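Open the model in your viewer and keep the sequence beside it.

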Amino acid sequence: MFEELTCTCRGCDRDLTDTEPAVVYRDGGGERRAYACGCGAVTVTVAE
Ligand SMILES: [Zn+2]
């Protein structure tokens with residue numbers, strides 16, 4: 001299963017949906033993914 005998540009870079013608004021997350025980890029709040037964009041910004045998403 002792969003949930004459809006739309007996420008955009010918070011630095012340059014680029015679509016990160018097809019970008020490989022740099023870091024994926026789970027905690028009590030759900031699955032968190034950190035995307036490192038080419039512009040240097042890191043965007044973190046949370047999928048519950
Ligand atoms: Zn960016």
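Start with contacts across the chain. Among those with a separation of 6 or more, 34% are between residues 24 or more positions apart. This is a predicted model, so read each stop as a computed picture.

**Whole chain**

Colour by secondary structure. The chain has three strands and zero helices. Reading from the N terminus, the order of elements is β-β-β. Now colour by burial. Of the 48 residues, 4% count as buried.

**The sheet**

Select the three strands together. They make an open sheet in the order E1-E2-E3, with antiparallel pairing. Which strands stand at the edges? They are E1, residues 23-27, and E3. Each has a single partner strand, so one side of each lacks a neighbour in the sheet. Turn the view to compare strand directions. On average, neighbouring strands of this sheet are turned by 20° against each other, direction ignored.

In general, the strands of a sheet pair through backbone hydrogen bonds, either parallel or antiparallel. Show these bonds as you go on.

**E1 and its partner**

Select E1. How many of its five residues are buried? The count is zero, and E1 is hardly covered. Five bridges pair E1 with E2 in the antiparallel sense. Two residues make the link in the hairpin that joins E1 to E2.

Now pick out residues along this pairing. Val24 has Arg33 in E2 as its bridge partner. Arg26 stands opposite Glu31, also in E2.

Step on to Arg32. Its bridge partner in E3 is Val46.

Next, follow the chain around the turn. E2 and E3 form a hairpin with five residues between them. Select Gly40 in that turn. Gly40 has a positive phi of about 105°.

**The last stop: Glu48**

Select Glu48, in the segment after E3. Is Glu48 buried or exposed? Glu48 counts as exposed, because it has 6 C-beta neighbours inside 10 Å; the cut-off for exposed is 12 or fewer.

Which residues does Glu48 touch, leaving aside neighbours within four places in sequence? Glu48 is in contact with Gly29 and Gly30. Draw a distance from Glu48 to Gly29, C-alpha to C-alpha. The two are 6.5 Å apart in space, yet 19 residues apart in sequence.

Definitions and conventions. Residues numbered from 1 in each chain as written. Predicted model: local features only at pLDDT ≥ 70, side-chain atom pairs only at ≥ 80, totals over all residues. Pairing = 2+ DSSP bridges. Helix = DSSP H or I, 4+ residues; strand = E, 2+ residues; numbered from the N terminus. Buried ≥ 20, exposed ≤ 12 C-beta atoms within 10 Å, placed from the backbone. Contact = placed C-beta atoms within 7 Å. Axes fitted to C-alpha atoms, helices over the stretch in contact; angles between N-to-C directions.
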